[in-house]
Amino acid sequence: MALLHVNFRSQALQLAMGMDVIIPEKAQYPTPTERKEYPVLYLLHGLSDDQSAWHRKTRIEEYVNGKDLIVVMPTTHRAFYTNTVSGYKYFDFVSKELPAICASMFPISTKREDTFAAGLSMGGYGAFKLGVLCHDKFAAVASLSGAVDVAAIMDRNTSPEFFSVFGENTRGSENDIIAQLEKLIAEGASLPRFYQACGTEDFLYLSNTAFRDRFKDRIDLTYEEGPGVHNWDFWDEYIRHVLKWLPIK
């Protein structure tokens, strides 16, 4: 596998951005008859991290070695994968602009059945948000220790930073993935598969089990838990579970 560091400008954000990409080395210089399009996993970071976190703090490059998979790890700052009330279009960036940029640079399949997202903490929220709001584009999404209920977080959080992202009326909005998922279920929408894992000592454990209990019999949801807190030991272990769960070779 090759690890690429990519710097580019986002038109959606009007910012210089970066992403790290793990790509099969055989995909770099194919002949015309050998060219193929690879499934893609958008692997999202947490609140305090950047595009380098996954490959610096886990063995993700080793875990995907030999797989027909391209892994895209973008930076998204602290914006919760959201079009913020302060005016930054981070959800547009990650859901629309980033896939288009990646497809122009790498041999990535744009088919729904080949498109996946996963993330930890804030990135777990982002992955599920992609699966809900872009359910026609993603086949499977995975959350590790995810902040899956931002409406509840906002109910008890007075941080000015969070209000600059979500505003004051998160519950029921497009950023409330629980409310949006309920609407899609009621409409009979075609939903992706969901994977969810959380450590039993994690401070987000109760919100994750509440999500599980609410949706486990209503969507295609695989849930796992085990001893662990909100740290890289847990995420390094469970990203391997995600890769086994994904429909990839």
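Which element gives the most to the lining of the second largest pocket? Helix α3 does, with 5 residues. The model is predicted: local features need pLDDT of at least 70, side-chain atom pairs count only at pLDDT 80 or more, and totals for chains, interfaces and linings use all residues. Residues are numbered from 1 along each chain as its sequence is written, and side-chain values use heavy atoms, without hydrogens and water.

**Pockets**

A pocket is an open set of points on a 1 Å grid over the protein atoms alone, where a 1.4 Å probe fits, with protein on both sides within 12 Å along at least five of seven lines; lining residues have an atom within 4 Å of a point. Volume is the space filled by probe spheres set on the points.

| Pocket | Volume | Lining by class |
|---|---|---|
| Largest pocket | about 240 Å³ | 10 nonpolar, 4 polar and 2 charged residues |
| Second largest pocket | about 160 Å³ | 7 nonpolar, 4 polar and 2 charged residues |

The largest pocket is lined by 16 residues; Leu 47, Ser 121, Phe 203, Leu 204 and His 230 are the closest to its centre. The second largest pocket has 13 lining residues, and Tyr 42, Pro 99, Thr 110, Thr 115 and Lys 137 are the closest to its centre. Strand β3 (40-44) and α3 each give two or more residues to that lining.

**Helix packing**

Helix α3 (residues 90-105) packs on helix α4 (residues 122-133) at about 65°, with axes 11 Å apart. The two are therefore roughly perpendicular (65 to 115 degrees). Their crossing is right-handed. In contact (heavy atoms within 4.5 Å) are Phe 91, Val 94 and Ser 95 of α3 and Lys 129, Leu 130 and Leu 133 of α4.

How values were computed
Axes are lines fitted to C-alpha atoms, for helices over the stretch in contact, and angles run from 0 to 180 degrees between N-to-C directions. Helices (H or I, at least four residues) and strands (E, at least two) are DSSP runs, numbered from the N terminus. Angles under 35 degrees count as roughly parallel, over 145 as roughly antiparallel, 65 to 115 as roughly perpendicular and the rest as oblique. A crossing is left-handed if the near helix is turned anticlockwise from the far one by less than a right angle, and right-handed if clockwise. Ala, Val, Leu, Ile, Met, Phe, Trp, Tyr, Cys and Pro count as nonpolar, Asp, Glu, Lys and Arg as charged, and the others, Gly among them, as polar.
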